[in-house]
Amino acid sequence: MTKEKNIKMVYQYDGSKFYGFQRQKNKKTVQGEIEKVILKNFSQKINMISSGRTDKGVHALGQVSNFFIDEKIPLEAIKRQINKNLYGEIKILSVEEIEREFNSRFDAKSRTYLYIMKKEEEITPFESNYITGIKNDINIEQFQKIMEIFKGKYDFSSFMKKDKAIRNTMREIYNIKCEYEEREKKIYVEICGSSFLKTMIRIMIGSAMAIYFGKEREDYIKMRLENPDADKPKILAPSEGLYLYRVDY
């Protein structure tokens, strides 16, 4: 019987090139493409376990996955082949052997996402897949105040795409930081939490924007946190400005 080692991999990807993260039949996905490269180059059929599954169009600066593979295969060869075959789409930052018990999904202590916005009129063609365009200016202090409402432990059913497979909808938001970068004219919203439900961050951002621009009442977020309901209509922000920034263990 072939001896296997557990591999931890940290990597980046351009979400605009994929139909989401999770392997899907007849669709180009992040997981699917990496697993194809491993199969083609090392004749190994792997099953990646990952810290999270990003939606179509969502990017990653620090995604973490692990998988088991023949212990004889060199780590550098894995990194080299993925970077070579998926150049311009996926970049492996590090590959290391880790204890067999490590699970990139269940062992994660927190995940941090980044959402980037900029006025539409300032966005270049080279930025349009990577930044969300907004029509009007945002006062960063006021927007921070709205986003702060999400901090704490709540049932986030009202801020997720309905998914019958998800039974526990309690999540905790540890920290939210909103900043305006004057030179680049970009707004950065950094959200750190235990884990996130499907489309949760995009709905959080969309809801905060709706309050800020007067499309919803000031207590809109508060009321939905206090009265969770997955069937209620959602306000979804675009995917292109969202990045999985970091996973901490």
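Biologist: How many Å separate the centres of domain 1 and domain 2?
Modeller: The centres, taken over C-alpha atoms, are 27 Å apart. Domain 1 is 4-97 and domain 2 is 110-248, with bounds from an automatic or database domain assignment. This is a predicted model, where local features need pLDDT of at least 70, side-chain atom pairs count only at pLDDT 80 or more, and totals for chains, interfaces and linings use all residues. Residues are numbered from 1 along each chain as its sequence is written, and side-chain values use heavy atoms, leaving out hydrogens and water.

Biologist: What area is buried between domain 1 and domain 2?
Modeller: About 1,200 Å², with carbon and sulfur atoms giving 57%; that's the accessible area (1.4 Å probe) the two parts lose on being put together, summed over both.

Biologist: Which three residues supply 43% of what domain 1 buries there?
Modeller: Asp 55, His 59 and Leu 61, more than any other three residues.

Biologist: What does Asp 55 form a salt bridge with?
Modeller: Arg 202, with the closest N and O atoms 3.5 Å apart. A salt bridge here is a Lys or Arg side-chain nitrogen within 4 Å of an Asp or Glu carboxyl oxygen. The count between the two domains is 1.

Biologist: Switching topic, how many disulfides are there?
Modeller: The search of the whole structure finds 0, a disulfide being two cysteine sulfur atoms within 2.5 Å. For Cys 178, the nearest cysteine sulfur is that of Cys 192, 14 Å away.

Biologist: Is Cys 178 buried or exposed?
Modeller: Buried, at 9% relative accessible area. Buried means under 20%, exposed over 50%, and partly exposed in between (1.4 Å probe, protein chains only). Cys 192 is buried too, at 14%.
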